[in-house]
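Visitor: I am new to this structure and would like to learn how to read its features, one at a time.

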Amino acid sequence: MNTLPLPKRASVVIIGGGVQGLSVAFNLVEQGQKDILVLDAGYWQGGASGRNGTLIRPGFASVAWTELFVLTVNEWRSWSRRLGENVMFTQRGYSVVSETEKSEAMLREGLKVQRSLGVNSWMLSRREIDDLLPAINKSRVQAVQHQPDGGVAPHHAVMKGLLAFCQRNGVDVRYRTAISGLERTGSRISAVLVGDHRIEADCVVSCAGPNNPDIAAMAEVPLNGFGMRIEAMALEPTRPLIKPAIALIDSLAYFHQTSRGEVVGGTEVPERPRMSLKVDLPVMANMAKVYLEMFPQLGEVRILRHWAGQFHASTDYAPLMGEHPDLKDLWFSAGWSYGFAGAPAAGRLLAKAIAKGHIDHRMKPFALDRFETTGPIVEGGIVLA
Ligand SMILES: Cc1cc2nc3c(=O)[nH]c(=O)nc-3n(C[C@H](O)[C@H](O)[C@H](O)COP(=O)(O)OP(=O)(O)OC[C@H]3O[C@@H](n4cnc5c(N)ncnc54)[C@H](O)[C@@H]3O)c2cc1C
């Protein structure tokens, strides 16, 4: 890690060295951008990027989400080659399980959207459910939508790949370095402050996860959304039971079995948004109950780890990507509830917008001011309480 004094200026300052911030930096390098500084208040992988379920899928129920995540899956396929590091992305498939007629109808509607956008997905027949998900409790299953191009990528491999690429390519990445203020000159952002130290910047990109609202407040601009926390857990290794990544759309659960045999994932429990890394026994109990109902064999295995992570959610739970409408040269990659999966697409689209001024049609729906212009994005296919 760089221990030299902080520079006095940078072309681009990225706030946050999680998967979003590092993906923007990586893609900016590919766009030919020099002089990039990434500043992170915490430790490497300390944010949600080191605490998530690592699930990735292309298909949702809305055009906006599906177009963005089709791009992201395509990007995931090329990351190991482009980064020169194996990010271990495996397309083991992603099954979205419905337990009610209502969610089955939503999955069938979503399928039409996915098909129209070229996503390889279908509703599994009973026989295909037997073949692909032999251990699932079929009495609870109403229908299953399957996306063979979805899968997982371990976050440690991804974060290592991104950091190594950035460091090899001259990006100055500093952890334990919190932004404490932002300076405006007229209608644009002109500098970031780290305590008393001022760093002049042509452009600032906020990828500060749950703290994005704090960054907006420092710049005295509004930002939709709020910080919130969710929990996940890992079970001790067991024999292979679950092949694809799985989302239970009604039970608000998502999980997969790692190559070591651990089942990793979480369930969502409705709670008032709060900022805390504390875990709760009732949430753990709910996860265990949902797992057991769907995969009774998991009753044999013990809970290995249980943790919480935080992210920034917008009021329609969709990402917020782009330049702030009230302040030039201040960009956000915020509102990310599926921000691990979405990082490759977000990095590519934001880097192109910043370096080349090109706003891609797949980024436009996620503009920060959509609530006042086009309106919120309606997406029924996400697993969030
Ligand atoms: C339990 C859990 C399970 C999840 N499962 C999935 C999943 O399966 N698939 C999926 O796609 N997504 C999942 N997510 C969401 C995903 O993890 C996040 O959307 C994603 O990691 C966001 O990345 P980020 O870089 O924006 O945020 P972070 O990784 O949180 O990074 C933000 C960084 O900003 C830094 N920062 C904050 N304030 C400042 C400041 N003032 N100055 C400098 N730096 C600052 C922080 O230190 C932090 O490192 C899950 C999240 C959780 C918590």
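Visitor: At what angle do helix H1 and helix H5 pack, and how far apart are their axes?

Guide: This is a predicted model, in which local features need pLDDT of at least 70 and side-chain atom pairs count only at pLDDT 80 or more, while totals for chains, interfaces and linings use all residues. Residues are numbered from 1 along each chain as its sequence is written, and side-chain values use heavy atoms, with hydrogens and water left out. Two packed helices are described by the angle between their axes and the distance between the axes. Helix H1 (residues 19-30) and helix H5 (residues 155-168) pack at an angle of about 40°, with their axes 10 Å apart; helices are DSSP runs (H or I, at least four residues), numbered from the N terminus, and axes are lines fitted to C-alpha atoms over the stretch in contact, with angles from 0 to 180 degrees between N-to-C directions. H1 and H5 are therefore oblique to each other (under 35 degrees counts as roughly parallel, over 145 as roughly antiparallel, 65 to 115 as roughly perpendicular, and the rest as oblique).

Visitor: Which residues of H1 and H5 meet?

Guide: Val19, Leu22, Ser23, Ala25, Phe26 and Val29 in H1 meet Val158, Met159, Leu162, Leu163, Phe165 and Cys166 in H5, where contact means heavy atoms within 4.5 Å. Sorted by class, this contact has 11 nonpolar, 1 polar and no charged residues (Ala, Val, Leu, Ile, Met, Phe, Trp, Tyr, Cys and Pro count as nonpolar, Asp, Glu, Lys and Arg as charged, and the others, Gly among them, as polar).

Note on methods
Helix = DSSP H or I, 4+ residues; strand = E, 2+ residues; numbered from the N terminus.
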